[in-house]
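Hello,

Here is the structure I promised to pass on to you.

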Amino acid sequence: MTKKQALPVKKNDTVTVTIEDLTHEGHGVGKVDGYPLFIPMTLPDEEVKVKVLKTTKNFGFGKLEEMVQASEDRTEPPCPVYDRCGGCQLQHFSYEGQLKAKQKQVKDVLERIGKIKDVPVHPTLGMEDPWRYRNKSQIPVGSESGRIIAGFYATRSHRIVDTDVCLIQEEISDRVMNIVKQEADRFGIQPYDEERHKGVLRHVVVRYGRTSGEVMVVLVTRTKHLPHAEDLIAVLREKVPGLKSVVHNINDQRTNVILGNKGQTIWGSDVIYDSIGEVKFTISARSFYQINPVQTEVLYQKALEYAQLTGEESVIDAYCGIGTISLFLAQKAKKVFGVEIIRQAIEDAKANAELNGFNNTEFEAGPAEEVIPAWHKKGNQADVIVVDPPRKGCDQELLDTMLAMKPKRIVYVSCNPATLARDLRILEDGGYQTQEVQPVDMFPQTSHVECVAWLELA
Ligand code: SAH
């Protein structure tokens, strides 16, 4: 029997550590005799005095008590509610520092989890201006001391941090958020009370087409009726340049899901438009659409470059959403087959293909791990397979089918380096070689990391 080892620190101890790394949540990692402590708001290379808040067998949590030696990359966060809001994690880190840390994170995780070494992980492609990039805002409305508030949730909570500015969302969203807050107050529209499931106005959703300048406002209420709808529309029309659509959505459930199943356009059009590169997209209140259109183009260009299409290829785009990558690929491929689990997204993908005049695309709704094996059984071949799965990565069934189909090239777009590393290992063991990995910063100021990997059949 091994003797239970005492941990090098205990709760309420104060220790001085040097930060060695950042976790995927953006917390600094400092070690005491090899025992890692996770410490929010600290940066690599900083020397900090920390109070231990909690310990578990393999790691602990600490709170920054005093900065002994700050990093040269530490910056003053410009957001007035950065210390309370859960939206951003890295505003205290210079943008250059953020990009380097994301590259390092991808490289380290690929090595640690995937045993993928000696593969170039390029410097993260960042934004020229890493602010005001979000084209969609979902702003919860509530009350505090009898006053209407709206803003974003605090970290891991449903407490609304009231604010009138969010520096990562488009300015137009700030404007709409403040107009609705002010007018709801003036007209006496009750804010939603989440705890008691009472009140009226739950969320304001703003969507913006960056290339078209078109704005959609979605007002989500618990009640069937939106009081003063006409008054609200009049003010929005007067004060929101580019307003194309106002939608009333009803969500009468006790749920974290923002939009309910019932809704209707109460002014203007049902949709707005945006373009990524040469491809135009329709966006409705419910459509999934990439949040950072500038970086989406950078990401898809990279995916297209890695796919190396000549016009002769048959390509599969798995987890295709509304066909964003599929249509990008269709510009250069003979044929693109997209598959996606959400039926409505597939309807949107078909409509987007038609809107852009593509006749070399086909879309099917269903789980990629069932649809693609069925295609394979029918004898369908693919020269290139592109995958862009959710955080949990690709299903084993799909990976097996890809290995059986043997496309000469695989392009893997990932929003989670850990599952990317796991899946690359499986693909490498099945005969593929990872050539390059390119991190792309889709979400500046936050700890999210996106990247695209290129694999060739050896
Ligand atoms: N490629 C798209 C969407 C990527 S997000 C874009 O760039 O816009 C991942 C997508 O995978 C989501 O649309 C999600 O609905 C879908 N998805 C999740 N599980 C799936 C599965 N098992 N099979 C197919 N699609 C799935």
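A word on burial to begin with: buried means under 20% relative accessible area, exposed means over 50%, and partly exposed is in between (1.4 Å probe, protein chains only). By that rule Asp174 is buried, at 6% relative accessibility.

Please keep in mind that this is a predicted model, in which local features need pLDDT of at least 70 and side-chain atom pairs count only at pLDDT 80 or more, while totals for chains, interfaces and linings use all residues. Residues are numbered from 1 along each chain as its sequence is written, and side-chain values use heavy atoms, with hydrogens and water left out.

Now to the salt bridges. Side chains of opposite charge can pair when their charged atoms come close. I call it a salt bridge when a side-chain nitrogen of Lys or Arg is within 4 Å of a carboxyl oxygen of Asp or Glu, and the count by this rule comes to 23.

Asp174 is part of one of them: its side chain meets that of Arg132 at 2.8 Å, N to O. Asp174 sits in helix H2 (residues 171–187) and Arg132 in the loop between helix H1 (95–114) and strand E6 (136–144), so this pair ties together parts that are 42 residues apart in sequence. Helices (H or I, at least four residues) and strands (E, at least two) are DSSP runs, numbered from the N terminus.

Another salt bridge joins Arg210 and Glu170, with the closest N and O atoms 3.1 Å apart. This pair links distant parts of the chain, 40 residues apart: Arg210 is in the loop between strand E9 (201–208) and strand E10 (215–221), and Glu170 is in the loop between strand E8 (160–162) and H2. Glu170 is buried, at 11% relative accessible area, whereas Arg210 is partly exposed at 37%.

Asp252 and Lys262 also form a salt bridge, their closest N and O atoms being 3.8 Å apart. Asp252 lies in the loop between strand E11 (243–250) and strand E12 (262–268), and Lys262 lies in strand E12, so the pair ties together parts 10 residues apart in sequence. Asp252 is partly exposed at 36%, and Lys262 is partly exposed at 44%.

There is also a network of salt bridges, which links Glu144, Arg147, Asp162 and Lys181.

What about contacts, meaning heavy atoms within 4.5 Å? Leaving out residues up to four places away in sequence, Ser314 touches Lys335, Phe337, Gln381, Ala382, Asp383 and Val384. Ser314 is in strand E15 (residues 314–318) and is buried, at 17% relative accessibility.

Pro8, in the segment before strand E1 (14–22), is partly exposed at 36% relative accessible area. Apart from its neighbours within four places in sequence, Pro8 is in contact with Val32, Asp33 and Tyr35. Pro8 and Asp33 are 25 residues apart in sequence, and their C-alpha atoms are 6.7 Å apart.

I hope you enjoy looking through it.

Best wishes

Note on methods
Contact = heavy atoms within 4.5 Å.
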